[in-house]
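Colleague: Could you walk me through this one? I'd like to start with how the pieces pack and then look at a residue.

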Amino acid sequence: MTVTLNHTIVPAVDNERAARFFAGVMGLTCLPPAGARGHFAPVRVNDSLTLDYLTVETPEGHHLAFDVDPATFEGILARLQEAGVPYGNSPADPANGRIDHPLCPRGLFFVDENHNLYEVMSPA
């Protein structure tokens, strides 16, 4: 069997708000609450992966990186711009407005209110 990541837990002050933000930017779907007590706000990333947002008192930011096709990248970039969410080409400066990523033809970073750093990379 191939090793496949099924889910990861993403800390947030408000799990539902954080899940809606991420899903909205990425063009994804929030799922119904999950977990034994419904304490996760999951977002379906693809057929085998969800990000499960969990409310915690003091969230510690994570770095989550995604490969996307060019059309998906354009959609993400447009939604970031429309929402006024800062983005940039460097984890050290995720608000410089650039998309010339050092590891791929186009890419960007953006940060949510919980200090999670999202990276989006596209081959063109």
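This is a predicted model: local features need pLDDT of at least 70, side-chain atom pairs count only at pLDDT 80 or more; totals for chains, interfaces and linings use all residues.

Colleague: OK, at what angle do helix 1 and helix 2 pack?

Modeller: Helix 1, residues 15-26, and helix 2, residues 70-83, pack at about 125 degrees, and their axes are 7 Å apart. That angle makes helix 1 oblique to helix 2.

Colleague: And which residues make the contact?

Modeller: Helix 1 contributes Gly 24, Val 25 and Met 26, while helix 2 contributes Ile 76, Arg 79 and Leu 80. By type, the residues of this contact divide into 4 nonpolar, 1 polar and 1 charged.

Colleague: Switching to the sheet, in what order do the strands come?

Modeller: It is an open sheet of 4 strands in the order 1-4-3-2, with mixed pairing. Strand 1 (7-12) and strand 2 (29-30) stand at the edges with a single partner strand each, so one side of each has no neighbour in the sheet.

Colleague: How many bridges join strand 1 to strand 4?

Modeller: There are 6 bridges, and strand 1 and strand 4 (residues 49-55) run parallel; Ile 9 stands opposite Asp 52 in strand 4. Helix 1 packs on this sheet, touching strands 1, 2, 3 and 4, and its direction makes about 15 degrees with that of strand 3 (40-46).

Definitions and conventions. Residues are numbered from 1 along each chain as its sequence is written. Side-chain values use heavy atoms; hydrogens and water are left out. Axes are lines fitted to C-alpha atoms, for helices over the stretch in contact, and angles run from 0 to 180 degrees between N-to-C directions. Helices (H or I, at least four residues) and strands (E, at least two) are DSSP runs, numbered from the N terminus. Angles under 35 degrees count as roughly parallel, over 145 as roughly antiparallel, 65 to 115 as roughly perpendicular and the rest as oblique. Contact means heavy atoms within 4.5 Å. Ala, Val, Leu, Ile, Met, Phe, Trp, Tyr, Cys and Pro count as nonpolar, Asp, Glu, Lys and Arg as charged, and the others, Gly among them, as polar. Two strands pair if DSSP finds at least two bridges between them.
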